[in-house]
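Dear colleague,

Please find below the structure for your review.

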Amino acid sequence: MADLITGPATDILKTLSSLAYTEFLELYHLKDGIEELKSTLPKIEELLNLLEENQLKYWLELAESARYDVEDLISSWEAEYHLWEIKPQVRKLVTPFATSNLLSKHRISAELKRITETLDKIISEGRENTRITQASSLNNGSQSRNKRETGSQLPFIMVGRGDEKNKMIDLLKDETSTSTGGNFSVIPILGSGGVGKTFLAQLVYNHFNETQEHFNVRTWVWVTEDFDINKIFMTIVLTDIEEQKKRGNINPDVFALNSATVDFLKDRVKKILNGNKFLIVLDDLWEYNHLDMHSLVDVLSVGAMGSKVLVTSRSTEVSSLKYSESPNLLQCLDEDQSWSLFEQFAFKDSKRAPELVKHGREIVSRCRGLPLAIKTIGALLCGKEVSKWSKIVQSSIWEERDVQVLPALRLSYNNLPTRAHRKCFAYCALFPKSYLFEKDEMVKLWMAEGYVQLEPGQKPEDIGAEYFDVLSQRTLLQSSLQDGGKHTMHDLIHDLAQTVSQPFCCRVEKLEMNKKSSFNPNEITRHISLLAEQVEQPTLQIIKNSKRLHTLLFPVPRHRAYGTSELLLPFEDLGRFGNAQRQVFQSLVYMHVLDMSYSAVQTLPESIGEMKLLRYLDFSKTELKELPDSICNLYHLQTLKLLGCPFIFSLPKNFQNLVNLRHLELDDMFWFKVRAIPQSIGRLTNLHNLHKFQVGCNTGYKLEELKDMEHLTGKLHILNLEHAVNAGKAKKREGKQIQHR
């Protein structure tokens, strides 16, 4: 059982043990209830593993929801007790959880009783289910599965697409007009999901000998199910602006594009393409409006002879587009090609045990020649023993006929090393398809959600980075061919993430005005990302129906599809919170992650201090004027992002109370402008980045403040060293010295 008690359960048990003998437990007669809860948590964690392995969705949702409640309750106690503990003058007069605080005495006892009874009921009734009882034998293999996997990035591998790539390059190099008589031609790449259409287009798009120098204008547009002519025009304009910026030609007023009409963008695109030979990729084109397509063709017609539009699609209808060449139907890999691709992912060296080859051949035959399925299942089996290969062959998942999720992808997800890895993967569903994932940012989010299993002697950032690497090694995340520092997720894998993330995760992409919305958050919903342009009404729905929400993201400004520019438009409609903005801070007190970057927020209410479970807070690219001192009540806060906030000149005076803060992200301009760092900054011993420290003579400003800040990285500018009475006191642990300039 010890192997099953990992992740959040372990952390909660540690917290309960540290609090078990404190004054407040005695004050409220909670000791017996806490002991009962401590004995129940390992059972619920064991149950969660069994439920997940046996895909008992109903019971899994109940157990997971109850575990969320436990985490929230304990985290609330921990934050309240910390605030009480650091104020000795208040401590003599006021006990923790006074009626003016988050939880009164009555609410504490009632909440503890409710959660304990719920957990007992779930465990009792869940174990009555025969499938769970039979599944207990699976525990024998849990230890080997829970070992963390590490390793370098998988190499770039191409099998069986050389002829197709060369054919595409020849078509792109053809300077003559098509038989249809236009200046440009449309080259369709057709095929089923997972066959490698986008991969082939990326190979061609990035073939710098033939393509990067052959066209004056190059743009990649991820189209998706909803054909949006405005998005296509905007992407072309933004890509051109970024190229011009790189050449130092212009300093564009990007904000003016916010209110641009389709006609304005259309004219702008015509100017960009006029007389230029272009390559435009329309990736993942599904259905389209014929009037909009006619408008696009009209604009593209101004390009120079030999311009090309490369289209990837699952629909043969795109072959009927004006100026279309004969479609290039991308076939599945044949048996030999499939095996060759599988070998490169599944075997570490040239050794091929006969049993592994036998099982491997059978597995490959079930992947139906789809490269995505072959790579994913091969990466899963790499380095595994024969018993694991045999188990995959015998899995009943191969017999399922899920129209969205290929069996090989589901198997790869099911066999991730731990539940923590699976939760991190499912969390990716909050972001839109074709999103470019950054490892460091995803790790910070996973940490904030409590997904990263803490281990002695290791930083959570390093453990989270290993999780990310495992997802990459399993090809569930793929290194971007254009930007190797970022990762993408294949559409079919994204569909899998969306499937396994329900009902706790919800992504809202489009809300049509004056129509009844299908968006219906409820109490079980814990993570929501709003990608719609109108955010006030859905936010009000969240506030009304999802009081226990953990995550609220607005990732639209960072939604950059493959090949688009780094230049980002501010999302104007995020400023249209209306009445919802203030209610977010007052009502959603269980939030762990709040990202309001790029919004029009200018002031924060003092009530933000009541969101005591916040671990990740982002107000980057806003006109925020200052941070209220109540923000220093956020005991659990790990990441505070204030990048691109030109009106922030200082930090709150009690900033040193944020003892769990690890990442403080501010522009260089802030550190240049700031006059004084808050007193006793040395209490932030978990902080990873501090760029300026002014030595003073008074307590809390002396050089010795730095001696325990052993996680600091990067540059630290130390000013006023003449005030350092004893520089030796600034020695860090293990004899390391602070570097100064």
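Two strands are counted as paired if DSSP finds at least two bridges between them. In this predicted model, seven strands form an open sheet in the order E9-E10-E11-E12-E13-E14-E15, and their pairing is parallel. Strands E9 (505-508) and E15 (663-665) stand at the edges with a single partner strand each, so one side of each is left without a neighbour in the sheet. On average, neighbouring strands of this sheet are turned by 10° against each other, direction ignored.

Within this sheet, strand E13 (residues 616-618) and strand E14 (residues 639-641) run parallel and are joined by three bridges. Leu617 has Leu640 in E14 as its bridge partner.

A further point of interest is strand E4 (residues 307-313). Is this strand mostly covered or uncovered? Strand E4 is mostly covered, with seven of its seven residues buried. Burial applies to both faces: Ser307, Val309, Val311 and Ser313 lie on one side, and Lys308, Leu310 and Thr312 on the other.

Strand E4 also has parallel partners. Strand E1 (residues 184-190) is joined to E4 by seven bridges, and Ile189 stands opposite Thr312 in E4. Strand E3 (residues 278-285) runs parallel to E4 as well, with four bridges between them; here Val281 has Leu310 of E4 as its bridge partner. From E3, the chain passes through helix H14 (residues 290-300) to reach E4, and this β-α-β crossover is right-handed.

Yours sincerely

Technical notes: Residues are numbered from 1 along each chain as its sequence is written. This is a predicted model: local features need pLDDT of at least 70, side-chain atom pairs count only at pLDDT 80 or more; totals for chains, interfaces and linings use all residues. Side-chain values use heavy atoms; hydrogens and water are left out. Helices (H or I, at least four residues) and strands (E, at least two) are DSSP runs, numbered from the N terminus. Axes are lines fitted to C-alpha atoms, for helices over the stretch in contact, and angles run from 0 to 180 degrees between N-to-C directions. Buried means under 20% relative accessible area, exposed over 50%, partly exposed in between (1.4 Å probe, protein chains only). A crossover is right-handed if, with the strands pointing away from the viewer, the path from the first strand over the helix to the second runs clockwise.
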